[in-house]
Amino acid sequence: MRRMMAAFVALLLLALPAAHAVQPDEIMSDPVKESRARELSRELRCMVCQNQSIDDSDAPLARDLRLLVRERIAAGDSNAQVLDFLVARYGEFVLLKPRFERQTLLLWLLGPVLLIGGGLALWLQIRRRSRSGVDVPAPPLTPDEQARLAALMSDESKSP
């Protein structure tokens, strides 16, 4: 019995992060429309919490945005129309995943370009090091260096 209770508590604790901030009074009566609202809410950024969707945020602004999404859906707007309305009102920042457009091209391409550039630089550095070790012999010792080396070697052989 204790093990079952412990397993139940563990499952409950694992399920807690999946809890949403949507209040019961916000839920739409039509399950299809509610599903659309939830889907859209997961794509929209809470302007207060910033790295959290409005579906997960307890901030008052997130609640207002959730209600606004539901109002637009109830008015008959498509998902794209709802997103366009919110982007027009709050800017591209309201989207957790920005659209691939001319304004966001740098945002989308900078990561892959840096990754490819870093890989290329690493490859060139490894190639240069492997070539320099084989092709370039060490310069011969000068007579002074040879004398110092001989003196050091003779000192080492004398010490115990």
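Some ground rules first: residues are numbered from 1 along each chain as its sequence is written. The model is predicted, so local features need pLDDT of at least 70 and side-chain atom pairs count only at pLDDT 80 or more, while totals for chains, interfaces and linings use all residues; side-chain values use heavy atoms, with hydrogens and water left out.

**The overall picture**

The protein chain has six helices and zero strands, and from the N terminus on its elements read α-α-α-α-α-α. Helices here are DSSP runs of H or I with at least four residues, strands are runs of E with at least two, and both are numbered from the N terminus. Of the 160 residues in the protein chain, 21% are buried. Buried means under 20% relative accessible area, exposed means over 50%, and partly exposed is in between, using a 1.4 Å probe on protein chains only. As for contacts (heavy atoms within 4.5 Å), take those between residues at least 6 apart in sequence: 49% of them join residues at least 24 apart.

Now to α2 (residues 31–43) and α4 (residues 79–90), plus α3 (residues 60–74). Here are the pairings side by side.

| Helix pair | Angle between axes | Axis separation |
|---|---|---|
| α2 and α4 | about 40° | 11 Å |
| α2 and α3 | about 135° | 10 Å |
| α3 and α4 | roughly 135° | within 10 Å |

The axes are lines fitted to C-alpha atoms, for helices over the stretch in contact, and the angles run from 0 to 180 degrees between N-to-C directions. Angles under 35 degrees count as roughly parallel, over 145 as roughly antiparallel, 65 to 115 as roughly perpendicular, and the rest as oblique.

Start with α2 and α4, which pack at about 40°, so α2 is oblique to α4. Their crossing is right-handed; that label applies if the near helix is turned clockwise from the far one by less than a right angle, with anticlockwise giving left-handed. On the α2 side the contact is made by R36, E39, L40 and E43, and on the α4 side by N79, V82 and L83. By class, that contact has three nonpolar, one polar and three charged residues. Ala, Val, Leu, Ile, Met, Phe, Trp, Tyr, Cys and Pro count as nonpolar, Asp, Glu, Lys and Arg as charged, and the others, Gly among them, as polar.

Next, α2 and α3 pack at about 135°, which makes α2 oblique to α3. This crossing is right-handed too. K33, E34, R36, A37, R38, L40 and S41 of α2 come up against R66, V69, R70, I73 and A74 of α3.

From α3, the residues L65, L68, V69, R72 and I73 meet V82, F85, L86, R89 and Y90 of α4. This contact has eight nonpolar residues, no polar ones and two charged.

**Residues worth a look**

What does L44 touch, leaving aside its neighbours within four places in sequence? The partners are Q52, S53, I54, V69, L83, L86, V94, L95 and L96. L44 sits in the loop between α2 and α3, and is buried because its relative accessible area is 1%. L44 and A62 are 18 residues apart in sequence, with their C-alpha atoms 9.2 Å apart.

S53 is found in the loop between α2 and α3 too. At 6% relative accessible area, S53 is buried. Its contacts, again leaving aside neighbours within four places in sequence, are S41, R42, L44, C46 and L96.

A74, in helix α3, is partly exposed, with a relative accessible area of 49%. Beyond four places in sequence, A74 is in contact with M28 and K33.

**An annotated stretch**

UniProt, in an unreviewed entry, lists residues 105–124 as "transmembrane region". UniProt positions are given in the numbering used here, feature names are shortened, and annotations may be inferred rather than shown by experiment. In the model, residues 105–124 are 100% helix and 0% strand, and the end C-alpha atoms are 28 Å apart.
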